[in-house]
Amino acid sequence: MSKNNPKHLNPEQFRQKGYQMVDLIADYMQNIEQYPVLSQVEPGEVYSSLPTRPPEQGELFQNVLNDVNSKIIPGLTHWQSPNFYGYFPTHASGPSILGDFLSSGFGIQGMLWSTSPACTELETLVLDWMVDIAGLPEHFHSSRSGGGVIQDSASSAALCAAVAAREKALSFDSKRNITDLTAYISGHTHSSAEKSLKIAGFRDEQIRRLNVDDSFAIKGDDFARRVKIDIDNGFIPAFICATIGTTSSLAIDPIREISEVASKNQIWVHVDAAYAGSATVCPEFRNLLDGVELVDSYCFNPHKWLLTNFDSDLFYVANKPDLVNALTITPEYLRNKATESGQVFDYSGWQISLGRRFRSLKLWFVIRHYGVEGLRAHIRKHIELAEHFESLVESNSSYEIFHPRVLNLVCFRHKDGNEKTKQILEKINSEGKIFLTHTILDDMYVMRFVPGAIHTEMRHIDSAWAEFVKAAV
Ligand SMILES: *Cc1c(COP(=O)(O)O)cnc(C)c1O
């Protein structure tokens with residue numbers, strides 16, 4: 001063997017090290033409640049604890065694992081901890097981790113159907129299953145006018161939607177250009193929508209921020225009014241991002257009312273249901289989808305609330321060509337028979353990047369492991385935990401519910417006001433037993449409590465509440 005040969009792992013060595021890695025992850029799961037939920041390291045601490053120069057000779061795998069345990073784990077905020085109540089959750093269930101591992105093991109690229117037919121077809125199948133599981137409009141099914149694709153994130157889905165909307169709006173009149181277009185969001189729309197618009201070429205002065213009502217949802221009549229003003233001023237309204245479940249308070253924009261205004265004016269409606277969309281696996285939450293049958297695109301993230309590891313955003317369009325025509329470019333080196341036959345999906349033309357992971361595997365593992373009943377039970381359990389926490393807040397004289405609970409988000413505050421509420425949150429997070437985050441609603445500092453981690457039980461809610469009781473005095 002040439003001395004220049006790198007020392008690859010042979011299959012037997014890989015097997016041994018793989019077992020060690022599974023042990024490490026299982027130990028992490030077992031011990032997770034022992035760590036402070038919010039990482040306690042100072043800025044720069046992880047960097048400076050590791051050698052600044054890379055090793056010239058390869059090292060023992062065990063040395064790397066030792067550093068993971070001693071240097072990396074202390075620098076983690078433990079999102080999978082049952083005591084994590086911040087932001088929205090991001091799930092890593094056992095079946096999903098294993099499915100993701102398998103995706104790495106195969107190491108394929110799924111940019112074209114022909115570069116791995118199973119990657120494309122399993123993805124289509126899982127997306128079609130989800131139309132059924134989540135009660136989505138029938139025309140999102142791949143066999144109908146629409147179809148879905150798995151994106152890395154809701155941010156990428158919003159960007160694809162904004163680009164498709166831009167191309168569609170400009171296709172009506174070749175003399176108009178991008179500076180004539182306008183787009184609509186609200187102050188509660190996720191920041192990724194605004195960022196997508198900027199990347200898609202919209203200047204700040206082309207982005208309208210709509211008024212919201214008492215529940216922080218877009219006012220449909222304000223949308224209609226702004227569209228009319230823009231048209232009167234010679235603009236082409238092109239895109240609105242409406243939200244089912246805003247990040248601050250899970251506000252639900254009036255999708256039906258917005259879509260009716262939009263369809264009269266050929267405006268693309270994108271619905272961002274990144275978090276709340278998972279709830280519609282339960283028939284009792286399908287009312288969240290009212291009006292979605294009228295929209296141009298829709299997305300939600302199984303990587304938040306549906307037991308699936310980051311990255312998994314399901315992005316559906318009502319009309320495939322709107323998306324595919326906007327994003328497909330076929331250079332000579334990608335030409336192939338299957339593509340030319342027109343019988344296959346080449347998902348690179350449904351997203352920003354060319355290369356793509358075998359993302360459907362982990363979701364397929366999740367659905368097959370839990371079954372649809374299991375997915376529903378999982379959502380319902382978190383709703384019950386949130387109801388319980390809400391009742392504890394209501395029964396206490398120091399705290400108040402700020403905003404009626406939607407799904408499993410409880411927005412509450414200390415009655416003494418912003419300063420006191422902020423102090424409590426900071427104190428509790430620094431102690432590390434639990435972790436939660438805040439938002440500002442109507443100039444009020446509000447704590448957001450989201451029981452959404454996979455292994456959170458009633459006993460965790462009770463001990464979390466004890467922290468608030470203690471901190472209130
Ligand atoms: C989390 C969230 C996003 C961003 O999701 P990514 O997948 O991380 O891009 C967008 N919109 C809403 C409503 C969210 O809750």
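How far does a backbone N or O atom of Ala-154 lie from an oxygen atom of the ligand? The distance is 2.7 Å.

The views show a predicted model, in which local features need pLDDT of at least 70, side-chain atom pairs count only at pLDDT 80 or more, and totals for chains, interfaces and linings use all residues. Residues are numbered from 1 along each chain as its sequence is written, and side-chain values use heavy atoms, with hydrogens and water left out.

**View 1. Residues around the ligand.** Of the 13 residues around the ligand (a heavy atom within 4 Å), those that come nearest are Ala-154, Ser-155, Asp-272, Asn-301 and Lys-304. A polar side-chain atom of Asp-272 is 2.5 Å from a ligand nitrogen atom. In the side chain of Asn-301, an N or O atom lies 2.9 Å from an oxygen atom of the ligand.

**View 2. Helices H6 and H7.** Helix H6 (residues 154–171) packs against helix H7 (residues 191–199) at an angle of about 45°, and their axes are 8 Å apart. Helices here are DSSP runs of H or I with at least four residues; axes are lines fitted to C-alpha atoms over the stretch in contact, with angles from 0 to 180 degrees between N-to-C directions. Ser-155, Ala-158, Leu-159 and Ala-162 in H6 meet Ser-192, Ala-193, Ser-196, Leu-197 and Ile-199 in H7 (heavy atoms within 4.5 Å).

**View 3. Helices H14 and H15.** The axes of H14 (residues 418–431) and H15 (residues 458–472) come within 10 Å and cross at roughly 125°. On H14, Lys-420, Ile-424, Ile-428 and Glu-431 meet Glu-467, Phe-468, Ala-471 and Ala-472 of H15.

Key. Helices (H or I, at least four residues) and strands (E, at least two) are DSSP runs, numbered from the N terminus. A polar contact is a pair of N or O atoms within 3.5 Å; within protein, one must be able to donate a hydrogen and the other to accept it, and residues adjacent in sequence count only if both atoms are side-chain atoms.
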